[in-house]
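Keep the model open beside you as you read.

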Amino acid sequence: MKVSQLLLAMLVSCAALSASAQTIIKFSHVVAADTPKGKASEFFAKKAAELTKGKVKVEVYANSALYKDKEEIEALQIGAVQMLAPSLAKFGPLGVKEFEAFDLPFIFDNTADLHKITQGAVGASLLAKLEPKGIKGLAYWDNGFKSFSANTPLKNVADFKGKKFRIQSSKVLEEEIRSVGGIAQVMAFSEVYQALQTGVVDGTENPISNFYTQKMHEVQKHLSLTNHGYLGYAVIVNKKFWDGLPADVRGQLEQAMKEATVYANKIAQEENDNALAGVKKSGKTIVYQPTPEERLALKKAMVSVHTKMADRVGKETLQTIYKETGFDPAKL
Ligand code: LMR
């Protein structure tokens, strides 16, 4: 074969290869598939395949199948996975402490107030702070408001005293537990069920969708619907990978993400409501609805966390959030 023929053959096979090459996006997360995040990531995978006409395949790995909490972000940074949706608390240990503002107890009264932040300028500026870490933030996805559980009733502030609660790695959450006299224990999400079962910790906090799908109701006798803090996610990608995608494909994926975000935020409350119904139906956990007075007492005890943590999360971020939502800790 002549050199020119050989070159031509090589060119043809290269073109064929690149035309058929499929981009794989590994999307890893730590919760069950039937949660707001689990369902939204599957929705994104489907949309991505549809809009890119199969050029991109999103593989979703649920339930810490690939990585546990701490390892997840490191894996993304080195490109072992391309996409994640860690809870916002997970960005504190990465050094972007402003994200821990979302962990402040009672900072958001409702989802509308929260969306003023996640869907506004503050949310965008926080995502931009991830870029020097090699991470591009694409969207915020809701889960919901957290409740506390334990094997003993949690009605009054005094009920938290001396109890050990599993938390995510967050200085703000540590302070939250301390503010009511509890002991905070940082632990990966995948280890919580066993820790509750064996009594390594007495209780925990999470939205009910996480509580129920991890079967924590099997090992916790009491659930108190405190709604004391928010838990949601930032969908992130490896920035180098994302920037290296052909512009048209990236645009299609952005569209898929836009639709997945609408879907995620639409189903979140419903998923939590269904999970609560599941917990009640199981008959294994006594669900308690605190009275407005009991909830206010918890709020008053926990609001000290805002002042203590203001320097850590950044006074400016905090003031902007207060201004947007109308929350004033001094008024309690
Ligand atoms: C937790 O660790 O409790 C949560 O971050 C789990 C999750 O991703 O919802």
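A residue counts as buried here when its relative accessible area is under 20%, as exposed when that value is over 50%, and as partly exposed in between. Please keep in mind that this is a predicted model.

With that cut-off in hand, let's begin at Glu 205, which is part of strand S7. Is Glu 205 buried or exposed? Its relative accessibility is 5%, so Glu 205 counts as buried. Which side chains does this glutamate meet there? Another polar contact runs from the side chain of Glu 205 to the side chain of His 228, at 2.7 Å.

Now let's turn to the ligand. The space that the ligand takes up is the largest cavity. There are 13 residues around the ligand, and those that come nearest are Lys 37, Arg 166, Gln 168, Asn 210 and Tyr 233. What kinds of residue make up this shell? Five are nonpolar, four are polar and four are charged.

Several side chains place polar atoms by the oxygen atoms of the ligand. For Gln 168, a polar side-chain atom lies 2.8 Å from a ligand oxygen. In the side chain of Lys 90, an N or O atom is 2.9 Å from an oxygen atom of the ligand, and for the side chain of Ser 87 the corresponding distance is 3.1 Å. How much of the ligand does the protein cover? On its own the ligand has 270 Å² of accessible area, and the protein covers 100% of this.

Ser 64, in the loop between strand S2 (56-61) and helix H3 (69-77), has a positive phi of about 55° although it is not a glycine. Lys 215 also has a positive phi without being a glycine, with a value near 60°; you will find Lys 215 in the loop between helix H8 (208-213) and strand S8 (222-238). How do these residues stand in terms of accessibility? Ser 64 counts as buried because its relative accessibility is 14%. Lys 215 has a relative accessible area of 43%, so it is partly exposed.

Ala 275 belongs to helix H10, which spans residues 247-282. With a relative accessibility of 4%, Ala 275 counts as buried. From Ala 275 to Ala 195 there are 80 residues in sequence, and 21 Å in space from C-alpha to C-alpha. Ala 330, for its part, lies in the segment after helix H13 (315-325). Its relative accessibility is 68%, so Ala 330 counts as exposed. Between the C-alpha atoms of Ala 330 and His 115 the separation is 23 Å, and these residues are 215 apart along the chain.

How values were computed:
Residues are numbered from 1 along each chain as its sequence is written. This is a predicted model: local features need pLDDT of at least 70, side-chain atom pairs count only at pLDDT 80 or more; totals for chains, interfaces and linings use all residues. Side-chain values use heavy atoms; hydrogens and water are left out. A residue is near a molecule or strand if one of its heavy atoms lies within 4 Å of it. A polar contact is a pair of N or O atoms within 3.5 Å; within protein, one must be able to donate a hydrogen and the other to accept it, and residues adjacent in sequence count only if both atoms are side-chain atoms. Accessible areas come from the Shrake-Rupley method with a 1.4 Å probe; for residues, only the protein chains shown count as cover. On a 1 Å grid over the protein atoms alone, a cavity is a set of points where a 1.4 Å probe fits but cannot get out, and a pocket is an open set with protein on both sides within 12 Å along at least five of seven lines; lining residues have an atom within 4 Å of a point. A molecule sits in a cavity or pocket if more than half of its atoms lie within 2 Å of its grid points. Ala, Val, Leu, Ile, Met, Phe, Trp, Tyr, Cys and Pro count as nonpolar, Asp, Glu, Lys and Arg as charged, and the others, Gly among them, as polar. Helices (H or I, at least four residues) and strands (E, at least two) are DSSP runs, numbered from the N terminus. Buried means under 20% relative accessible area, exposed over 50%, partly exposed in between (1.4 Å probe, protein chains only).
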